[in-house]
Amino acid sequence: QQEKFVDLSFTTISSTGPNSAIIHYRPTQHTNRTLSMSEIYLLDSGAQYRDGTTDVTRTMHFGTPTEYEKECFTYVLKGHVCLGSAIFPSGTKGHLLDSFARATLWDHGLDYLHGTGHGVGSFLNVHEGPCSISYKTFADEPLEAGMILSDEPGYYEDGSFGVRIESIMLIVTAQTKYRYLNRESLTFEPLTLVPIQTKMINVELLTQKERDWINNYHRLCREVIGAELEKQGRLEALQWLVKATQPIV
């Protein structure tokens with residue numbers, strides 16, 4: 001529907017219930033499931049536009065998630081926020097940041113078996129080297145301002161459900177009190193502006209810093225995407241956006 005849209009950047013992963021526990025799920029006539037009010041739904045989609053490439057995953061529930069589903073979702077979210085708010089020296093290699101997204105899962109005996117982030121081109125490859133954030137490789141390029149990578153921790157329980165939260169992030173310069181060896185510090189700025197379903201969050205498991213990050217992220221979604229929806233006259237979508245980005249306390 002958008003003016004600069006060209007094509008999908010990869011085959012959409014649309015999965016519900018136990019299918020969402022399959023990281024690269026593709027539907028078949030034998031595995032298709034109807035969306036339900038009682039199962040988690042995971043959607044990983046992206047597109048090629050003349051001015052950029054997208055790749056975003058959100059996990060949601062159309063009914064009432066179980067406490068265990070909310071707990072697992074919140075651990076994944078904490079990892080997403082931890083990596084997304086990290087400050088690190090210029091020249092740091094991506095594999096050194098991978099555990100930032102896993103630490104909370106590890107604390108509770110959980111993990112996921114894929115890398116945490118991949119490079120993304122601009123109207124180019126949606127998975128693009130040479131930078132990455134992954135325990136699987138130590139040969140990745142040092143991270144520098146201007147690089148674009150994904151932040152996508154997850155958790156997958158075979159035969160039951162899967163959770164993944166993925167946004168595309170831009171590496172930018174961070175302002176710090178000190179500058180050791182005159183090295184600049186870097187951090188991430190979100191390019192993906194899609195609300196994270198707050199119904200899936202166990203807020204009691206979040207620190208105040210994490211709550212602030214989520215609320216600031218949703219405020220940015222509301223301001224930037226809200227203005228565009230208003231410009232396009234998509235008022236029903238705007239009403240949904242305002243509701244979906246209400247602050248958590």
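**Entry 1: a strand pair.** I started at Ser-45 and looked across the sheet, where Ser-45 stands opposite Val-56 in β6. I am working with a predicted model, so I keep that in mind throughout. Ser-45 falls within β3, residues 40-45, and I find this strand paired with β6 in the antiparallel sense over 6 bridges. Stepping back, I see an open sheet of 3 strands, in the order β2-β3-β6, with antiparallel pairing. I then asked myself which strands stand at the edges. They are β2 (13-16) and β6 (56-61); each has a single partner strand, so one side of each is left without a neighbour in the sheet. I also noted the twist, which averages 10 degrees from one strand to the next.

**Entry 2: the core.** Next I looked up the largest nonpolar core, which holds 41 residues. The members that touch the most others are Phe-73, Leu-77, Phe-88, Leu-143, Leu-149, Ile-171 and Phe-188. I listed the elements that give two or more residues to this core: the helices α1 (67-84), α2 (98-107) and α3 (208-232), and the strands β11 (154-157), β12 (161-164), β13 (167-174) and β14 (185-190). It is α1 that gives the most, with 7 residues.

Leaving aside residues up to four places away in sequence, I find Phe-188 touching Leu-83, Gly-84, Ala-86, Phe-88, Leu-97, Ile-133, Leu-149, Met-169, Leu-170, Ile-171 and Val-172.

**Entry 3: two helices.** How do α1 and α3 lie relative to each other? Their axes come within 10 Å and cross at roughly 80 degrees. That angle falls in the 65 to 115 range, and the two helices are therefore roughly perpendicular to each other. On the α1 side of the contact I wrote down Leu-77, Lys-78, His-80, Val-81 and Gly-84; on the α3 side, Glu-210, Trp-213 and Ile-214. I sorted the residues of this contact into 4 nonpolar, 2 polar and 2 charged. Leu-77 turns up here and also in my list from the core.

**Entry 4: backbone details.** I checked the peptide bonds and noted a cis one joining Gly-129 and Pro-130, with omega about 5 degrees. Pro-130 lies in the loop between β8 (117-118) and β9 (132-133).

My last stop was the loop between β13 and β14, where I found Leu-181 and Asn-182. Phi is positive in Leu-181, near 55 degrees, and positive in Asn-182 too, near 60 degrees; neither residue is a glycine. Are they buried or exposed? Leu-181 has 63% relative accessibility and so counts as exposed. Asn-182, at 59%, counts as exposed as well, since the cut-off is over 50%.

Methods
Residues numbered from 1 in each chain as written. Predicted model: local features only at pLDDT ≥ 70, side-chain atom pairs only at ≥ 80, totals over all residues. Heavy atoms only, no water. Core = buried A, V, L, I, M, F, W, Y, C linked by side-chain atoms within 4.5 Å. Buried < 20%, exposed > 50% of the residue type's maximum accessible area, 1.4 Å probe, protein only. Helix = DSSP H or I, 4+ residues; strand = E, 2+ residues; numbered from the N terminus. Contact = heavy atoms within 4.5 Å. Axes fitted to C-alpha atoms, helices over the stretch in contact; angles between N-to-C directions. Parallel < 35°, antiparallel > 145°, perpendicular 65-115°, else oblique. Nonpolar A, V, L, I, M, F, W, Y, C, P; charged D, E, K, R; others polar. Pairing = 2+ DSSP bridges.
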